[in-house]
Amino acid sequence: MIRVEGYEKTYRETVAVRGLSFEVPAGSIVGLVGPNGAGKTTTLRALAGIIPPTRGRLTVAGHDIVQDPIAAKSRLAFIPDEPQLFDVLTVWGHLEFTASVYRVSAFEAEAERLLTQFELTEKRDTIAQELSRGMRQKVAICCAYLHQPEAILFDEPLTGLDPRGIRTLKESIRERAAAGAAVMVSSHLLDLIEDLCSHLLLMHRGQCLFQGTISEAKNKLAELGADASLEDFFFQLTERPT
Amino acid sequence: MFHSALWKLIRLKWRGGFRQFWRSLKTLRGFVQVGFILLMVVLGLGSMVFAGRMQSAAPEVAAGMIEQFRSIAAFAMFAFTTWAMLFSTGEATVFFTASEVAFLFPAPFQRRHLLTYKLLQSLFGLVLLSLFLSLFLARGVLLWIGGFVGGVLTLSFIQLLTMNVAFVRQVLEAKSNVLLRRVLGYSVSVWVLVAVTQMVLNAPSGNFVALASSFRSSPAGRWLLAPFDVFARMIFASDPVSFGISTGLVLLLDAILLAVAYRLDGLSLEAALAISEKLSARIKAAQTKGAWHMFSAPTSQVARRRLPTLPFWNGIGPIVWQRLTTNFRTSLKLFWLLGGAVLLASGMAFTIHRKTPEQPFAAAAAGIGVMVYVSFLICMSLQNDIERVGYLKSLPLRPAAIVLGELLGFVGLLSAVQGTFFLALCGLLPSIAGWLICAAVLSLPLNFLLFGIDKLIFYWYPTRMMKGAPGDFQNAGRQMLFVFLKMLLLGGGLAIVGVAVIPGAMLQSPLLAVIPAAIVLIAECAGLVPLLTYAFHRFDPSVDTPA
């Protein structure tokens, strides 16, 4: 569903990502982890079509994000780390606009369902600037889900959510993946990755250090000891001498 | 060409703006603030209508005024465009807010949809501004509609030009083409400098119209003003034929720029994003730290600049040091502006003195006027940082020391710059050196008063700048009320100083003028300190400030 081949991103002399290749099959949840500055957000933003890659080919559902951006973006949803909403629009206004962008006809029932799922029904007519950080995040997620995307990219999705919100989001991600969506979750919360994801992609200084299933990562952990955690695995790979 | 969802977004935003407007009317404070801004608009429009009536009563005066407008229009457009480019306001056209980046960039829109959306959004502002301009110039244009359409097309031209320059700059930056960027930048700067030099040397007097005419007739200026001249000819066309020809040319110029913008924008998606992120960061800083931070340089570029540590001075020293260091590291353009103000003010005084050597006070007044104006502009937007007050209150220092430290950094900086200017003026106008030294001495308490009043209003009623949304008349009204209040307080303080100066001025004695003026000013400043201290003490950072 999501395929990245030889992706490279440079800013002047700085190489943010170099030679990254991976694939996210339909129905899988890939955890994207790495230290600060590893290139995770740069990768997600390139996949979302926000920034162009310097080199490489990024496709969503078979559509190249550079060559055929409209088709690729139509099948994609991106939820950034900081929920950015239009201050003067209501919650419903955001959903209405999103439905219009992705040409979702008769969106009302699905929008109502999402509002209920994320406990936003009472906030339906509240303007965005009056919402808390967590509620803004929930609105961004509802908008992202509205057009039933085939590929979903989350950048630090749990920030600001309350325990109920976290549980709802995790459940919804599992549901979407079970329905055939390819999901990528970038997070520093290794517990979340271990709990939620089927695959792991570990990045460091713009390069991929590990990619495979969580169980493959855990098999590697066996070398570290029986009670080693994903955290130990993370430090083992990212802090070893180069 | 345009996506229906973007129409919907514009419509939803407008609806949201009106909703906000009606909501703001429901509180007494909001009602007063909205009422104030509406009153100002009515007064502005009323004065234009009144001016029109006066002109019809004296057609020969009106004709003279229009002739003046015509002669300076191209120069004024050029000056405005240069300002826009220097201070990157052209970038604002292609600026996407963080929410627009989050929603629109990953959405299935073509890039040109987004550019059209941006241009349409700004078109409303241009139409409104052109409407005001056309009302103002109504008596001098052949057809009112011609003046109005001319205004829209002229402002569009300026906007598209600055936008394209911003694109080119970003593309060159992205491609690391530092050499080409510098060559282009320096070439244009040298060209403008040559034209300005020719203007100053050839101007018959120092007033704006004479300077504009001189610039227009200089060889370098003629080239620079050529495209702007076409617009001036269209707006002030005297017959239908010249109006038609110039309108055709204007449309062609706008169309070319529009085509270039679409072409460049297609090539520079990343450039637009970089512009948006840069401006987002600036706006965020401006909302909390004051409008001046719109022009701040990124901290990383200047983090190595250091100032020597100051003595403790009961806690005043560290605050002054921290303030100066912050400005030194983040507001490079502030220093350029101050230096530029000294040069401009000195240049003005020099030009006027050269033309009218028998009137040294006129030359000095012109220069001082420029300096005071720039000082006031800086003061209005420089110092107030809501987030910073919480930090300052946590420091183990007396509130009076903090308040003084906060003020003295700016006052010292501005007074030093003004001192340099007065020294230069003394060299230029030795016959009134005594008066100039007096003015230099008085500038220190005067600056303290200026910044102190600004700070006092901020502590009493803290507010963030730049939080504008469509229909947010309450915010606009509040900002205008603050400016009005500052002017009122400052005017009151200066009126008392003016009374104290009268005996010295009548006796032609600088000393007798400056001593009572200084005493009054110092007394006013001394009275301000306990007020500021009390206001700082009662400032509650936990209460969210109106934005």
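Buried means under 20% relative accessible area, exposed means over 50% and partly exposed lies in between, with a 1.4 Å probe and protein chains only. The model is predicted, so that local features need pLDDT of at least 70 and side-chain atom pairs count only at pLDDT 80 or more, while totals for chains, interfaces and linings use all residues. Residues are numbered from 1 along each chain as its sequence is written, chains are lettered from A and ligands numbered from 1 in the order in which they are written, and side-chain values use heavy atoms, with hydrogens and water left out.

**View 1. Helix α5 of chain A, residues 133–146.** Helices are DSSP runs (H or I, at least four residues), numbered from the N terminus. Because 12 of the 14 residues of α5(A) are buried, this helix is largely enclosed by the rest of the structure; among the buried residues are Arg136(A), Lys138(A), Cys142(A), Cys143(A) and Tyr145(A).

**View 2. A negative surface patch in chain A.** The patch is formed by Asp191(A), Asp227(A), Glu231(A) and Asp232(A). Patches are made of residues with over 30% relative accessible area and no salt bridge, like charges being joined within 9 Å and nonpolar side chains (Val, Leu, Ile, Met, Phe, Trp, Tyr) within 5 Å; a salt bridge is a side-chain nitrogen of Lys or Arg within 4 Å of a carboxyl oxygen of Asp or Glu. Asp191(A) lies in helix α7, residues 190–196, and is exposed, with a relative accessible area of 63%.

**View 3. A nonpolar surface patch in chain B.** This patch of about 1000 Å² includes Trp14(B), Phe18(B), Leu128(B) and Trp144(B), its area coming from the Shrake-Rupley method. Helices α1, α2, α5 and α6 of chain B each supply at least two residues, and α5(B) gives the most, with four. Trp144(B), placed in α6, is partly exposed at a relative accessible area of 38%.

**View 4. Helix α1 of chain B.** Buried residues of α1(B) include Leu9(B), Lys13(B), Gly16(B), Gly17(B) and Phe21(B).

**View 5. Thr197(B) and Ala220(B).** Thr197(B), in helix α7 of chain B (residues 178–202), counts as partly exposed at 39% relative accessibility. Thr197(B) and Ala220(B) are 23 residues apart in sequence and 9.8 Å apart in space, C-alpha to C-alpha.

Note on methods
Areas by Shrake-Rupley, 256 points an atom, 1.4 Å probe, with all protein chains shown as cover. Lys, Arg positive; Asp, Glu negative; His and termini not counted. Charge placed at Lys NZ, Arg CZ, Asp CG, Glu CD. Expected span 1.5 Å × (residues − 1).
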